[in-house]
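Dear colleague,

A summary of the findings follows it.

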Amino acid sequence: MRLRMLKYKLPFLLLFSTTALANTPCDYKVDDKIIYEGHIESVRLVSKSVEAIPKIKDIRKCMVSIEARVDDKWYPSKGEYMFGPDMSQVDACTHAEDRAKKQVMREKIPETLKSEKNLNCSLTKSKKSCRVVYMNTNIGKVKFMETCDE
């Protein structure tokens, strides 16, 4: 009887034994920055509309069409932003306008990508002692848990 109960608990207990990847010895950090070598001088709002999305309850979409001036030239652009009842229409249309501006910036203004990658490792820490616990099951001896003092 006890062996049969253990048979059903074993898969459940094995789900909680996957903590080996939590203590990795290295941390990897990436810091990417995009620097635009220019700016949008001014923006004209050409049109703005908000419509409900068919078949999706309480979801609407704000669509804006703008013209942005870069280096004394006007460039058209469009942006969209879908939003729900927890966001105001003004905020959603601001996000749509920002997307339209970013599209102009990506297409018409030169950019520089600055990237910094850091790898911080602590490979010299050694474990003092480890203890492995095994369980006897009907399929044989199974490694159940490993604990180590740092």
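The notes below treat confidence, the sheet and its helix, the disulfide, and the cores in turn.

This is a predicted model, in which local features need pLDDT of at least 70, side-chain atom pairs count only at pLDDT 80 or more, and totals for chains, interfaces and linings use all residues. Residues are numbered from 1 along each chain as its sequence is written, and side-chain values use heavy atoms, with hydrogens and water left out.

Confidence is given as pLDDT, the predictor's confidence in each residue, from 0 to 100. The protein has a mean pLDDT of 79, with 77% of its residues at 70 or more. Confidence is lowest in helix α1 (residues 2-14), where the mean is 47, and highest in β3, with 96. For residues 1-8 the pLDDT is below 50, and the model gives this stretch 6 contacts beyond near neighbours in sequence; contact means heavy atoms within 4.5 Å. Residues 10-22 likewise stay under 50, with 6 contacts beyond four places in sequence. Where pLDDT is low, the predicted coordinates should not be read in detail.

Helices (H or I, at least four residues) and strands (E, at least two) are DSSP runs, numbered from the N terminus. Three strands form an open sheet in the order β2-β3-β4, with antiparallel pairing; two strands pair if DSSP finds at least two bridges between them. Strands β2 (42-52) and β4 (73-83) stand at the edges with a single partner each, so one side of each has no neighbour in the sheet. On average, neighbouring strands of this sheet are turned by 15° against each other, direction ignored. Axes are lines fitted to C-alpha atoms, for helices over the stretch in contact, and angles run from 0 to 180 degrees between N-to-C directions. Between β2 and β3 (residues 60-70), the antiparallel pairing extends over 10 bridges, and V50 stands opposite C62 of β3. Helix α2 (residues 89-108) lies across β2, β3 and β4, and runs at about 140° to β4.

The structure holds 1 disulfide (a pair of cysteine sulfur atoms within 2.5 Å). This bond joins C62 to C93, with an S to S distance of 2.0 Å. Because C62 lies in strand β3 and C93 in helix α2, the pair ties together parts that are 31 residues apart in sequence. The torsion about the S-S bond of C62 and C93 is about 115°, so the disulfide is right-handed. Buried means under 20% relative accessible area, exposed over 50%, and partly exposed in between (1.4 Å probe, protein chains only). C62 is buried at 0% relative accessible area, and C93 is buried at 4%.

A nonpolar core is a set of buried Ala, Val, Leu, Ile, Met, Phe, Trp, Tyr and Cys residues joined through side-chain atoms within 4.5 Å. The largest one has 9 residues: C62, V64, I66, Y81, F83, A92, C93, A96 and A100. The elements giving two or more residues to this core are β3, β4 and α2, and α2 gives the most, with 4 residues. Apart from this core lies another, of 7 residues, including I40, A68, M105 and I109.

Leaving out residues up to four places away in sequence, I66 touches V43, R44, L45, V46, Y75, P76, S77, E97, A100 and K101. K61 is placed in strand β3 and counts as buried at 17% relative accessibility. With the corresponding exclusion of residues up to four places away, K61 touches S49, V50, E51, I53, E80, Y81, M82 and F83.

Yours sincerely
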